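Visitor: I'm new to this one, so could you put it up and walk me through the aromatic rings?
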Amino acid sequence: MGLNIGYLGPEATFTDYAARQLFKEAKRIPFVSIPECMDAASAGEIDAAIVPLENSIEGSVNITIDYLVHETDLQIVGEAVVSIRQHLLVHRDNIKNWKEAELICSHPHALAQCHKFLHRKFKGIPLEYMSSTAAAAKHVRNHPEQNIAAIANSLAAEEYGLVFAEQNVHDYSYNHTVFAVLAKEGHDIYMAPTEESKISLMITLPSDRAGALHQVLSAFSWRKLNLSKIESRPMKTGLGKYFFIIDINLKMDDVLIPGAIAELEALGCTVKLLGSYSSHKI
Ligand SMILES: O=C(O)C(=O)Cc1ccccc1
């Protein structure tokens, strides 16, 4: 029985591309939203969920982080780093007047990655945020009577029969997105190890002590554990209440990481291991 892999759909999103590259033999199931995809993995309806986690221009996909921390017990079992190329796609009936498009639609992160292009070429034209780049491409395919455009990838152009009005409209050439592979404890998802190992932790600080964050950073620094990311996100329990996501570019060991976690818990922090996994460049 093959793997069932859920992803942010519909077909031909960047997440779908990551799923195709990581799990070539799997059955891929599209979901309308990131939470629905993650819920399906938590409920055991799929073996793993692939969702966008962070983009090099726009930063973290907050809904992924917040849902992972607050709503599920899924583990990060792997990640894929994908080079992102955004194109302006239109229905072939509108290729002659795309410069007069009356609406540009795409995923919020995709629109943000192209905001200088949009400001230059479509000043004053409304943007419509959609659940994904491919959802936007599908919408443009279904509305030839409207002079509208989607920002999406070349897979979506092929899948939905759209034509390229302009290619590579993202503002910065270095444009990568990290997609997380999420699965339940005890899963049987195998992802080949790579040179790039990562450990992700979620840490909350004791509310009653100043300098707690400094202690957290010290617990890693004196053990020479280099942090590749530290990011705060609201706990949603009140202003100024945060949790921290920390990434360490190492394999899990038996002494240093467990020692740092034990020290932090002794200092009154809560520490949740989000995953110990390999990063795959695809
Ligand atoms: O909408 C998509 O295609 C996604 O997979 C989410 C996304 C959007 C923009 C950049 C990378 C991933």
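Visitor: Is Trp98 buried or exposed?
Guide: In this predicted model, Trp98 has a relative accessible area of 10%, and because anything under 20% counts as buried, Trp98 is buried.
Visitor: And how many aromatic pairs does the structure hold?
Guide: There are 2 aromatic pairs, and one of them joins Trp98 to Phe122, with 6.2 Å from centre to centre and 50 degrees between the planes, which makes it a tilted pair.
Visitor: Which parts does that pair tie together?
Guide: Trp98 sits in the loop between strand 6 (87–90) and strand 7 (103–106), while Phe122 sits in the loop between helix 5 (115–121) and strand 8 (127–129), so the pair ties together parts that are 24 residues apart in sequence.
Visitor: What about Phe122, buried or exposed?
Guide: Phe122 is buried as well, its relative accessible area being 4%.
Visitor: Why is the pair of Phe117 and Phe122 edge-to-face?
Guide: The ring centres of Phe117 and Phe122 are 6.1 Å apart and their planes lie at 65 degrees, and because an angle over 60 degrees counts as edge-to-face, that is what this pair is called. Phe117 is itself buried, with a relative accessible area of 1%.
Visitor: Which residues do the ring pairs link into a cluster?
Guide: The cluster consists of Trp98, Phe117 and Phe122, linked by ring pairs.
Visitor: Changing topic, what pLDDT does the protein chain average?
Guide: The protein chain averages a pLDDT of 96, and 100% of the residues score at least 70; for the complex, the predictor gives an ipTM of 0.96 and a pTM of 0.95.

How values were computed: Residues numbered from 1 in each chain as written. Predicted model: local features only at pLDDT ≥ 70, side-chain atom pairs only at ≥ 80, totals over all residues. Heavy atoms only, no water. Phe/Tyr/Trp six-rings, centres within 6.5 Å; stacked < 30°, edge-to-face > 60°. Helix = DSSP H or I, 4+ residues; strand = E, 2+ residues; numbered from the N terminus. Buried < 20%, exposed > 50% of the residue type's maximum accessible area, 1.4 Å probe, protein only. pLDDT = per-residue confidence, 0-100.
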